[in-house]
Amino acid sequence: QVAAGTALYLDGVSVSFDGFRALNNLALVLAPGEMRSIIGPNGAGKTTMMDVITGKTRPDTGDVLFDGTVDLTKLDEAAIATLGIGRKFQKPTVFETLSVWDNLDLAASGPRGLWPTLTARRTKSLAERIEAVLVEVGLTDRRHILAGSLSHGQKQWLEIGMLLIQDGRLLLLDEPVAGMTDSETEATAALLLRLAGHHTIVVVEHDMTFVRALGARVTVLHEGSVLAEGTLDAVQADQRVVEVYLGR
Ligand code: ADP
């Protein structure tokens, strides 16, 4: 089985919307603990690819496997989330009127559990897990602050923390540094580099400074397929990639 030992395996994935091919025979393979940067011009199919992985969109054809064996095309969004596949959209969606701590507390219950009251689950082990996540995302001194008072970058880190507290194993991040300051962007790269190895990470990003800082293998999408794959230097030197970006 070709997908054996992979964390994420897409092959021959096609999606059409009213006859328009948003994904066209797309292939993408990630090893466990691998980080991958996905780039490509607007309309390349990056969002549709994420939608297919999370079950929001069903492919017309193709294989989408998690952990080498779990067929994601047979599962709905809620079931896929319970596997530990977490997605972060570009815009932060934290609960602004709750504290940082309570955001993590609340996130800890879903999607792998029920949606209980905040107070009922103040178990020591949960508190310890929240503490560890706060350290991981660099928000230990912000724990009592309302999430709405955080900087834009801090909100993004909190949201990554909300994926971590849910035991996210495959993290799908859509333009995580959009709108961040340079120092926040640097800190985010450092955070993702700490997480890689323990988590498989797919990052869709336009910011090439950030992509360079990640140092991950890069996949270039164009017209719903993989145009090029390799190091950032290699794909940027690829004439077909240059033409796709210059042509728009
Ligand atoms: P990207 O995220 O790389 O900008 P998308 O995956 O959003 O690309 O879109 C790929 C193509 O599919 C675009 O041309 C877009 O207009 C089209 N598309 C995406 N979603 C839909 C939809 N729900 N209905 C019709 N067309 C769509």
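In this predicted model, Trp101 counts as partly exposed, because 19 C-beta neighbours lie inside 10 Å, whereas a buried residue would need 20 or more. Trp101 is found in helix H3, which spans residues 100-109. Apart from neighbours within four places in sequence, Trp101 is in contact with Ile130, Arg143 and His144.

## Domains and nonpolar core

The domain assignment divides the protein chain into domain 1 (1-84 + 171-181 + 204-248) and domain 2 (89-168). The C-alpha centres of domain 1 and domain 2 lie 27 Å apart. Where the domains meet, 12 residues of domain 1 are in contact with 10 residues of domain 2. On the domain 1 side, the elements that give two or more residues are helix H2 (77-82) and S7. H2 gives the most to this side, with three residues. By residue class, the domain 1 side that touches domain 2 divides into six nonpolar, four polar and two charged residues.

The largest nonpolar core has 66 residues, and those that touch the most other members are Leu104, Leu158, Ile165, Ile201, Val203 and Leu214. Helix H5 (residues 152-165) supplies the largest share of this core, seven residues. Both domain 1 and domain 2 are represented in the core, with at least three residues drawn from each. Around Ile201, the residues touched are Met35, Leu171, Leu173, Leu192, Leu195 and Ala196, not counting residues up to four places away in sequence.

## The six-stranded sheet

An open sheet of six strands has the order S6-S7-S8-S3-S9-S10 and mixed pairing. Strand S6 (85-88) and strand S10 (225-230) stand at the edges; each has a single partner strand, so one side of each is left without a neighbour in the sheet. From one strand to the next, the twist averages 20°. Within this sheet, strands S3 (residues 35-39) and S9 (residues 217-222) run parallel and are joined by four bridges. Arg36 has Arg217 as its bridge partner in S9. Helix H1 (residues 46-53) lies across S3, S6, strand S7 (170-174), strand S8 (200-204) and S9, and runs at about 150° to S7.

## The four-stranded sheet

Another open sheet, of four strands, has the order S2-S1-S4-S5 with antiparallel pairing. Its edges are S2 and strand S5 (70-71); each has a single partner strand, so one side of each is left without a neighbour in the sheet. H1 also packs on this sheet, touching S1, S2 and S4, and its direction makes about 65° with that of S2.

| Strand pair | Sense | Bridges |
|---|---|---|
| S1 (residues 8-17) and S2 (residues 20-30) | antiparallel | seven bridges |
| S1 and S4 (residues 61-66) | antiparallel | five bridges |
| S3 (residues 35-39) and S9 (residues 217-222) | parallel | four bridges |

The hairpin of S1 and S2 has two residues between the strands, and in it Asp18 takes a positive phi near 50°.

Conventions. Residues numbered from 1 in each chain as written. Predicted model: local features only at pLDDT ≥ 70, side-chain atom pairs only at ≥ 80, totals over all residues. Pairing = 2+ DSSP bridges. Axes fitted to C-alpha atoms, helices over the stretch in contact; angles between N-to-C directions. Contact = placed C-beta atoms within 7 Å. Domains from an automatic or database assignment. Nonpolar A, V, L, I, M, F, W, Y, C, P; charged D, E, K, R; others polar. Core = buried A, V, L, I, M, F, W, Y, C linked by C-beta atoms within 7 Å. Buried ≥ 20, exposed ≤ 12 C-beta atoms within 10 Å, placed from the backbone.
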